[in-house]
Amino acid sequence: MSGPVDKTGMSASDLGAATIEVKPGRETQIGETRILRVLPTKRRRTVGPWCFVDLMKPDDVTDPPPLEIGPHPHIGLATVTWLFAGEVLHSDSLGSHQLIRPGELNLMTAGHGIAHAEEGTRAGVAADTGGIMGAQMWLAQTDSTRHGSSAFQHLAELPILELDQATARILIGEMGGVPSPAVVDHATVGLDIAMRQATIVPIRPEFEYAVVPIDRPLKVEDVVTEPGALALVPMGYDHLRIETRQGPGRVLVLGGEPLGTEIKMWWNFVARTFDEITAAWRAWQDHDDDRFGPVDSSLRRIDAPPPPWLGTPDATS
């Protein structure tokens with residue numbers, strides 16, 4: 001699943017913070033699926049390399065609509081697809097055709113350009129996660145890889161680490177010396193934690209983190225965070241005490257070293273300048289198969305909206 005992120009360009013720079021703070025998300029719609037978008041959020045565009053976090057929450061939990069996202073392009077990012085319920089068929093311009101189920105990770109790296117489609121084959125019931133069917137997330141690529149080749153990884157099994165009162169599945173990166181096999185280009189971590197009671201989560205002080213409640217309100221240290229928002233944890237912490245407010249719960253913990261560079265995001269593209277995004281937009285609209293390639297999908301190809309800065313004097317950077 002993909003954007004659009006917004007109809008206007010957005011600059012992102014790493015922002016420091018002295019204490020944990022709550023950042024609200026917002027609701028949006030992609031096709032027939034309701035989305036809780038928790039990143040980017042107001043005055044915060046990145047957490048480590050994480051630059052996009054959508055939670056899929058259909059209005060009808062017991063009979064959700066099918067997910068249908070036709071072929072669309074990406075540059076400069078890696079998509080991270082993680083399901084709590086249902087099944088989705090991923091197809092891309094590398095020739096990948098992969099069914100993804102709960103507990104399995106899809107990691108697609110765009111580099112200079114890739115196109116893909118996602119089609120739900122079984123919606124599934126997500127009542128045990130508050131109606132959240134899964135998360136679609138992006139990692140901004142570094143300058144060393146964002147102009148390079150695209151790639152696709154499917155990980156059917158991921159390592160699990162038992163904490164004091166919780167079980168953590170390690171999607172990306174490592175915790176407690178236990179590494180995920182996922183290959184990324186920046187110091188990053190992504191955890192899916194099933195909590196039984198309040199627990200202490202070990203984290204790295206050189207990382208910044210986003211704590212994303214899935215099904216219940218959480219208390220992160222002394223800050224209460226509701227589903228649909230995130231708790232932003234600045235660098236300097238070596239552990240977090242996370243407490244569910246209404247019984248056992250589920251939480252995503254996403255973090256990484258700050259990118260240290262400004263990024264620009266528009267539609268399905270992550271870049272450094274609007275010129276780069278304009279070039280990618282034109283290549284997609286011109287059906288440039290050398291850059292994006294065809295996708296074997298029965299779904300309709302998605303045309304990009306025109307960039308709002310075209311024709312304006314300050315639209316090139």
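This report walks through a predicted protein model, from its overall make-up to single residues.

## Overall make-up

The protein has 27 strands and one helix. Of its 317 residues, 55% are buried.

## Strand S12

Strand S12 covers residues 134-140. Seven of its seven residues are buried, so the strand is largely enclosed by the rest of the structure. In a regular strand, side chains alternate between the two faces of the sheet. Here both faces are covered. Gly-134, Gln-136, Trp-138 and Ala-140 are buried on one side. Ala-135, Met-137 and Leu-139 are buried on the other.

Which strands pair with S12? One is S5, residues 50-56, which pairs with S12 in the antiparallel sense over six bridges. Another is S7, residues 77-83, which runs antiparallel to S12 and is joined to it by seven bridges. Gln-136 of S12 takes part in both pairings: it is the bridge partner of Asp-54, and it stands opposite Thr-81.

## Strand S18

Strand S18 spans residues 188-195 and is mostly covered. Seven of its eight residues are buried. It pairs with S15, residues 166-172, in the antiparallel sense over six bridges. In that pairing Ala-166 has Met-195 of S18 as its bridge partner.

S18 is also joined to S25, residues 249-256, by eight bridges. These two strands run antiparallel as well. Thr-188 stands opposite Gly-256 of S25.

## Nonpolar cores

In soluble globular proteins, nonpolar side chains tend to be buried together. The largest nonpolar core in this model has 29 residues. Leu-105, Met-137 and Leu-252 touch the most other members.

Which residues does Met-137 contact, leaving aside neighbours within four places in sequence? They are Trp-50, Phe-52, Val-53, Ala-78, Thr-79, Val-80, Trp-82, Leu-252 and Leu-254.

## Aromatic rings and charges

A pair of aromatic rings is described by the distance of the centres and the angle of the planes. The model has eight aromatic pairs. In one of them, the centres of Phe-207 and Tyr-209 are 5.9 Å apart and the planes are at 40 degrees, so the pair is tilted. Both residues of this pair, Phe-207 and Tyr-209, are buried. Trp-267 and Phe-269 form an edge-to-face pair, with 5.7 Å from centre to centre and 75 degrees between the planes. Trp-267 and Phe-269 are buried too.

Ring pairs also build a cluster: Trp-266, Trp-267, Phe-269, Phe-274 and Trp-309. The ring of Phe-274 has the charged end of Lys-264 over it, 5.0 Å from the ring centre. Elsewhere, the charged end of Arg-301 sits over the ring of Trp-284, 3.6 Å from its centre.

## Residues in loops

The loop between S4 (33-39) and S5 holds Pro-40. A cis peptide bond joins Leu-39 to Pro-40, with omega about 0 degrees. Arg-43 lies in the loop between S4 and S5 too. Arg-43 is not a glycine, yet its phi is positive, about 60 degrees. Is Arg-43 buried or exposed? Its relative accessibility is 58%, so Arg-43 counts as exposed.

Trp-267 sits in the loop between S26 (263-266) and S27 (269-271). Trp-267 has a positive phi of about 50 degrees, although it is not a glycine. Its relative accessible area is 4%, so Trp-267 is buried.

Arg-101 is in the loop between S9 (97-100) and S10 (105-109). Its relative accessibility is 36%, so Arg-101 counts as partly exposed. Setting aside residues up to four places away in sequence, Arg-101 touches Leu-83, Gly-86 and Glu-87. From Arg-101 to Leu-89 is twelve residues in sequence and 9.1 Å in space, C-alpha to C-alpha.

Key:
Residues numbered from 1 in each chain as written. Predicted model: local features only at pLDDT ≥ 70, side-chain atom pairs only at ≥ 80, totals over all residues. Heavy atoms only, no water. Helix = DSSP H or I, 4+ residues; strand = E, 2+ residues; numbered from the N terminus. Buried < 20%, exposed > 50% of the residue type's maximum accessible area, 1.4 Å probe, protein only. Pairing = 2+ DSSP bridges. Contact = heavy atoms within 4.5 Å. Core = buried A, V, L, I, M, F, W, Y, C linked by side-chain atoms within 4.5 Å. Phe/Tyr/Trp six-rings, centres within 6.5 Å; stacked < 30°, edge-to-face > 60°. Lys NZ or Arg CZ within 6 Å of the ring centre and 35° of its normal.
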